[in-house]
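Please keep the sequence and the structure in view while reading.

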Amino acid sequence: IKDVATDVTWFNVNGSAFSLRDKKVLLDANNQEICVGEEKFLAMNKTYQIYCGEKRVATVKKRILALRPTYDVWIVADQN
């Protein structure tokens with residue numbers, strides 16, 4: 001992810017396109033891991049669980065019947 005005005009890279013995403021469990025890692029500009037998104041296996045529609053460290057922080061689900069790509073995001077409440 002780049003700033004179009006300055007061409008500075010702020011974030012990178014690493015992950016393989018063809019794996020059994022689609023996993024994407026969001027990295028900052030210094031290649032430090034920020035969070036990981038893992039696709040749920042055998043879900044009716046594309047669903048990702050987002051983790052920061054070992055803690056699940058969000059769920060992202062793609063809507064099936066939408067005219068354009070639309071996603072619902074559920075943030076996990078802090079349980080501390």
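Is Cys-52 buried, partly exposed or exposed? Cys-52 counts as partly exposed, at 34% relative accessibility; here buried means under 20% relative accessible area, exposed means over 50%, and partly exposed lies in between, with a 1.4 Å probe and protein chains only. The model is predicted, so local features need a pLDDT of at least 70 and side-chain atom pairs count only at pLDDT 80 or more, while totals for chains, interfaces and linings use all residues. Residues are numbered from 1 along each chain as its sequence is written, and side-chain values use heavy atoms, with hydrogens and water left out.

**The sheet**

- An open sheet is formed by 6 strands in the order 1-2-3-4-5-6, and their pairing is antiparallel.
- Strands are DSSP runs (E, at least two residues) numbered from the N terminus, and two strands pair if DSSP finds at least two bridges between them.
- Strand 1 (11-14) and strand 6 (71-75) are the edge strands, each pairing on one side only.
- From one strand to the next, the twist averages 20°; the axes behind such angles are lines fitted to C-alpha atoms, and angles run from 0 to 180 degrees between N-to-C directions.

**Pairs of strands**

- Strand 1 and strand 2 (residues 23-28) run antiparallel and are joined by 4 bridges.
- Within strand 2, Leu-26 is the bridge partner of Val-13.
- Strand 4 (residues 47-52) and strand 5 (residues 55-62) also run antiparallel, joined by 6 bridges.
- Thr-47 has Lys-61 of strand 5 opposite.
- Strands 4 and 5 form a hairpin with 2 residues between them, and Gly-53 in the turn has a positive phi of about 70°.
- Strand 5 pairs with strand 6 in the antiparallel sense over 5 bridges.
- Val-73 in strand 6 is the bridge partner of Val-60.

**Cysteines**

- A disulfide is a covalent bond between the sulfur atoms of two cysteines.
- The cut-off used here is a pair of cysteine sulfur atoms within 2.5 Å, and a search of the whole structure finds 0 disulfides.
- Cys-35 is buried, at a relative accessible area of 14%.

**Salt bridges**

- Side chains of opposite charge can pair when their charged atoms come close.
- A salt bridge is counted when a side-chain nitrogen of Lys or Arg is within 4 Å of a carboxyl oxygen of Asp or Glu, and this rule gives 4 salt bridges.
- One of them links the side chains of Asp-7 and Lys-2, at 3.7 Å from N to O.
- Another links the side chains of Asp-22 and Lys-24, at 3.1 Å from N to O.
- In this pair Asp-22 is buried, with a relative accessible area of 10%, whereas Lys-24 is partly exposed at 27%.
- Arg-63 forms a salt bridge with Asp-72, and their closest N and O atoms are 2.9 Å apart.
- Both residues are partly exposed: Arg-63 has a relative accessible area of 45%, and Asp-72 has one of 22%.

**Positive phi angles**

- Most residues other than glycine have a negative phi, and most peptide bonds are trans.
- Asp-7 is a residue other than glycine with a positive phi, near 60°.
- Asp-7 lies in the segment before strand 1 and is exposed, with a relative accessible area of 53%.
- Asn-31 is not a glycine either, yet has a positive phi of about 60°.
- The place of Asn-31 is the loop between strand 2 and strand 3 (33-39).

**A nonpolar surface patch**

- Ile-1, Val-8, Trp-10, Phe-11 and Ile-34 form a nonpolar patch on the surface, and together they have about 460 Å² of accessible area.
- Patches are made of residues with over 30% relative accessible area and no salt bridge; like charges are joined within 9 Å, and nonpolar side chains (Val, Leu, Ile, Met, Phe, Trp, Tyr) within 5 Å.
- Accessible areas come from the Shrake-Rupley method with a 1.4 Å probe, and for residues only the protein chains shown count as cover.
- Val-8 is found in the segment before strand 1 and is partly exposed, with a relative accessible area of 37%.
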